[in-house]
Amino acid sequence: MQQEAPKGTRIAHIGIAVKSITASLPLLTGILGLEKTEISDSDGARIAAVVAGDSLVELLEPAQDDTPIGKFIAKRGPGIHHICFAVDDLDGTLEKCRQAGIRVIDEVPRIGAEGKRIAFLHPSSTEGILVELSEH
Ligand code: ZN
């Protein structure tokens, strides 16, 4: 594994569940002037991402109703789906979460839409907000 200087925790991206990327994107790109960046689709969702400073905003549009984002929209409507924090030490952070009694959804990190290792924390432990942790 490559050794890098610690970067500190930052907000990597905010994931927003939308019914239509086509309808939602013009505010971010046309009006707010944010640049699109390519991101691969993930978990049955089409993803459009824009760069907002050091963070991304990801619009998550369900490809099907029976996907995680499709179910989220059916239950709660469009809105903020999750917040992703990039951390220096994902495995160490997950271990700290477990020791603190925080429910971890992904016991073993998996590869997320940005091609980085990620793991989700359960909203029941994080004030109702789905939290994603990722490596820088
Ligand atoms: Zn995410």
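View 1. Leaving aside neighbours within four places in sequence, Leu56 is in contact with Ala12, His13, Ile14, Thr37, Ile39, Ala49, Val50, Val51 and Glu114, where contact means heavy atoms within 4.5 Å. The model shown here and in the other views is predicted, so that local features need pLDDT of at least 70 and side-chain atom pairs count only at pLDDT 80 or more, while totals for chains, interfaces and linings use all residues. Residues are numbered from 1 along each chain as its sequence is written, and side-chain values use heavy atoms, with hydrogens and water left out. Leu56 belongs to the largest nonpolar core, which has 11 residues, the others being Ala17, Ile39, Ala45, Ile47, Ala49, Leu60, Ile69, Phe72, Ile73 and Ala113. To this core, S3, S4 and H2 each supply at least two residues. A second, separate core has 9 residues, among them Leu90, Leu94, Ala119 and Leu121. A nonpolar core is a set of buried Ala, Val, Leu, Ile, Met, Phe, Trp, Tyr and Cys residues joined through side-chain atoms within 4.5 Å; buried means under 20% relative accessible area, exposed over 50%, and partly exposed in between, with a 1.4 Å probe and protein chains only.

**View 2. The zinc site.** The zinc ion is coordinated by NE2 of His13, NE2 of His82 and OE of Glu132, at 1.9 to 2.1 Å. Donors are N, O and S atoms within 2.8 Å of the metal (3.2 Å for Na, K and Ca), and since water is not among the atoms, sites may look incomplete. Along the chain the donors of the zinc ion follow the spacing H-x68-H-x49-E. His13 in strand S1 and Glu132 in strand S8 are 119 residues apart, a pair that links distant parts of the chain. Both His13 and Glu132 are buried.

**View 3. The largest pocket and its lining.** About 670 Å³ of space lies in the largest pocket, and of the 33 residues that line this pocket, Pro68, His81, His82, Phe120 and Leu130 lie nearest its centre. On a 1 Å grid over the protein atoms alone, a pocket is an open set of points where a 1.4 Å probe fits, with protein on both sides within 12 Å along at least five of seven lines, and lining residues have an atom within 4 Å of a point. Grid points are joined across faces, edges and corners, and the volume is the space filled by probe spheres set on the points. At least two lining residues come from each of strand S1 (10–17), strand S3 (45–52), strand S4 (55–62), helix H2 (68–76), strand S5 (79–87), strand S7 (117–121) and strand S8 (130–135). Helix H2 gives the most to the lining, with 6 residues. Helices (H or I, at least four residues) and strands (E, at least two) are DSSP runs, numbered from the N terminus. By residue type the lining divides into 16 nonpolar, 8 polar and 9 charged, where Ala, Val, Leu, Ile, Met, Phe, Trp, Tyr, Cys and Pro count as nonpolar, Asp, Glu, Lys and Arg as charged, and the others, Gly among them, as polar.

View 4. Glu61 lies in strand S4 and counts as buried because its relative accessible area is 13%. Not counting residues up to four places away in sequence, Glu61 touches Val18, Lys19, Ser20, Ile21, Thr22, Gly44, Ala45 and Arg46. Asp41 is found in the loop between strand S2 (35–37) and S3 and, with the same exclusion of residues up to four places away, touches Arg46 and Ile47. Asp43 lies in the loop between S2 and S3, is partly exposed at 41% relative accessibility, and has a positive phi of about 55 degrees although it is not a glycine.

View 5. His122 lies in the loop between S7 and S8 and is partly exposed at 24% relative accessibility; not counting residues up to four places away in sequence, His122 touches Arg103 and Ile105. Glu127 is placed in the loop between S7 and S8, where Glu127 counts as exposed at 77% relative accessibility and has a positive phi near 55 degrees. Most residues other than glycine have a negative phi. Lys116, in the loop between strand S6 (110–111) and S7, is partly exposed with a relative accessible area of 26%. The C-alpha atoms of Lys116 and Glu127 are 25 Å apart in space, the two residues being 11 apart in sequence.
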